[in-house]
Amino acid sequence: MESLSVTRVKDMINQMTLDEKINYLGGTGFVEGEKIGETQHLPHLNIPSVKMTDATSGSKLTEDHILFPAFICLAATFNPELSADYGQAVAEQCKADGYRILLGPGVNMYRVPHCGRNFEYLGEDPFLACKMLVPYIKSVQKSGVIATVKHFVANNSEHYRKNSNSVITERTLHEIYFPAFKAAIQDAGVKAVMTSYNLLNGEWVGQSKHLITEILRNEWGFDGMVMTDWWSIYDTEKAITSGLDLEMPDACILNHKRINALLDKGIISEELIDQRLINIFKPLCEMNLLDEKHSDPLLRNNWPEHERIAIETARQGIVLLKNQDNILPINPETTKTIALIGKNAIMTAASGGGAGGFDPGERLVTYLDAMNTIASKKAIKVTYYETLDNDIEQADIAVIFLTMIEHEFMDRPFTLSEAQYELIRQTSSLNANTIVVMSVGSGVEMASWINEVKGLIYSWFPGTYGAQALAEILFGEINPSGKLPFTIEHTEEETHYYGNYLPENTELPREFQGWNRGAPNFDIHYREGFFTGYRWYDLNNIKPLFPFGFGLSYSTFKLENLTLSSDVIIDNETLTVSCELTNTSHIDGTEIVQLYIQDIISSESQPQKKLKGFQRIMLKALESKHIEMTIHKKDLSFWSEISRSWQVENGFFNVLIGTSAADIFLEDRFMYYQSKK
Ligand code: BGC
């Protein structure tokens, strides 16, 4: 039976002229800094325009907005409940000023550290991405804002993204690049999808019938609106027949002249246009956007709560990577002076750039502000040095703040700049107690200098308030608990993407070069297939610089007593995996226990392990907790190239429990089989 919203929507469409219908296929345009996009307004039918705003970590068009720590920092918390809070806060930021379509979340998988938008996404592992994404979307939409999952699909690098053709096998798409989008649709009920700029296997995604109709709609059951990324389609017939509904920010390709020509020739029918409108109106109707007032300025009363969530995200997402000689937390007994070095201490980059880039305005808490606030309470003197100075030698600790320009429509080098290398070299030769704080969204070359510094922290792009959390961690008021949502390599040569990314000798810029640049189309061959991230390191038996899921704490932990509820599971039975985690230190702390599954015997090639569970466990000093995680049949599946479907094969599987993809402490085996009828 047809839902009430569909009946109402059809009724509305019946009252529209053909011209009005065609007009509705495009947004009302883009005005730099003022308007990102909105749907058309039809006053005589009481259909208001619906305003859109970027992006995943806040609402940049909302006046006096708060910017949350980058989405990748949220991924590093491994905390789905926090993701729900973050999503609700972002939605309220949108709704306060009447933005009821959020152009986020972004969920393209991390494939190369160069990608200028990794900071807007959730890292390299599809399971982690899905677990973090679903509560975010549910919260956004529960708060009355339509979430737009983007950029569908295979837009994993930004270098001339409007000319790149991602060449990817079907299995790799299903196992690595599709799952987050599928979960957004099937598990979170997302109401909008934005297509990407790139080609996938030779076809522009925004006008691909295979991807939009066959995969999104028919295979995954999506019945909401599909919009383009801004100016990203080229062929009217292909686009309108692909299943795409809305061209953004305006109708260049789906304009009157072109659509009428197709109607006149009988290539498309008015019903096809009606279907496009049903897909757009239905979510608007379901979210009450055709009836209620769009803005709710009183939501500003929740700004203090949003500030709390923003700081909490940074507290839980900042990752401690190195802590030689327990240089951290800073000991007020032995530390009287701290030297801060690097411009990012005072001109803290709150976010990367592009659609996900925000100006945090005057409310921005810089790293220097945050360090001063805590240090002053402990009678520690913090001094910022604009240039290297011999006084740095006298300081008890030196902290270098580094960032890199990461920006939409640009990929950056993996290496730091010469000036940054020099800064690390000179500071660490002046001061043996040097700590580096990295504000980036991706991996950076650190192997060549990591031995020169005692401490290393990934503090991501912290948003308006996240710098406070970094200072709290340095001074030990907060015990770090974030984990890397991607692997960091020693060198590019050891990775899955080496030789599989850009044509050899491509120079990547360190600064954003502008939007109006084009290039001949080029292929990016994902030759590594599904062996991306930790799957690649396992396959090749390489120890990366820092593995996926890695992050230190000021506490120490022990994992023991793994038990499985059964050694055989049949058909749809589940398996309960339990173990015990103990905080073996005298400091309260949080560990993220990770469960990986290894398929031991398979008819097709398999990664050595896949993340299939995790839990964030807070433990008091010396406390122990019993942990349980559940394995379902689908956690044992792979996408078979032979049957072209998801398969679970009979046989043995290992359960691996650890604290990163490379730190596995417990292992046990069970068997799965399907009973014969
Ligand atoms: C980006 C999208 C963004 C849109 C609107 C595009 O350049 O790729 O992520 O939502 O602009 O700003």
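This is a predicted model: local features need pLDDT of at least 70, side-chain atom pairs count only at pLDDT 80 or more; totals for chains, interfaces and linings use all residues.
1. **Ligand surroundings.** The ligand is surrounded by 13 residues. The closest are Asp-54, Lys-150, His-151, Asp-229 and Glu-408. By the domain assignment, domain 1 covers 38-299 and domain 2 covers 308-474.

2. **Polar distances to the ligand.** For Asp-54, a polar side-chain atom lies 2.5 Å from an oxygen atom of the ligand. For His-151, a side-chain N or O atom is 2.7 Å from a ligand oxygen. For Arg-117, the corresponding distance from a side-chain N or O atom is 2.8 Å.

3. Asp-54 and Lys-150 are both among the residues closest to the ligand. Their side chains also meet each other in a salt bridge, at 3.5 Å from N to O. Asp-54 sits in the loop between β2 (51-53) and α3, while Lys-150 belongs to strand β4 (residues 146-152), so the pair ties together parts that are 96 residues apart in sequence. In total, the structure holds 32 salt bridges.

4. **Domain layout.** The protein chain is assigned three domains: domain 1 (38-299), domain 2 (308-474) and domain 3 (557-673). The centres of domain 1 and domain 2, taken over C-alpha atoms, are 34 Å apart.

5. **Extent of the interface between domain 1 and domain 2.** Contacts link 37 residues of domain 1 with 38 residues of domain 2. About 3000 Å² is buried between the two domains, and carbon and sulfur atoms give 63% of that area. Which three residues supply more of the area that domain 1 buries against domain 2 than any other three? They are Leu-67, His-114 and Phe-119, with 22% of that area.

6. **Polar side of the same interface.** On the domain 1 side, α3 (71-76) and α4 (80-96) each supply at least two of the residues that touch domain 2. By class, that side has 18 nonpolar, eleven polar and eight charged residues.

7. **Salt bridges across the interface.** The rule finds two between domain 1 and domain 2. Arg-161 forms a salt bridge with Glu-408, and the closest N and O atoms are 2.9 Å apart. Glu-408 is also one of the residues closest to the ligand.

8. **Cis peptide bonds.** Most peptide bonds are trans. Two exceptions deserve a look. Gly-104 and Pro-105 are joined by a cis peptide bond, with omega about 10°. Pro-105 lies in the loop between β3 (99-102) and α5 (126-142). Leu-328 and Pro-329 are joined by a cis peptide bond too, with omega about -5°. Pro-329 is placed in the loop between β10 (319-323) and β11 (337-341).

9. **A positive phi.** Most residues other than glycine have a negative phi. Asp-571 is not a glycine, yet its phi is positive, at about 50°. Asp-571 is found in the loop between β18 (568-570) and β19 (575-583).

Key
Residues are numbered from 1 along each chain as its sequence is written. Side-chain values use heavy atoms; hydrogens and water are left out. Domain bounds come from an automatic or database domain assignment. Contact means heavy atoms within 4.5 Å. Buried area is the accessible area (1.4 Å probe) that two parts lose on being put together, summed over both. A salt bridge is a side-chain nitrogen of Lys or Arg within 4 Å of a carboxyl oxygen of Asp or Glu. Helices (H or I, at least four residues) and strands (E, at least two) are DSSP runs, numbered from the N terminus. Ala, Val, Leu, Ile, Met, Phe, Trp, Tyr, Cys and Pro count as nonpolar, Asp, Glu, Lys and Arg as charged, and the others, Gly among them, as polar. A residue is near a molecule or strand if one of its heavy atoms lies within 4 Å of it. A polar contact is a pair of N or O atoms within 3.5 Å; within protein, one must be able to donate a hydrogen and the other to accept it, and residues adjacent in sequence count only if both atoms are side-chain atoms.
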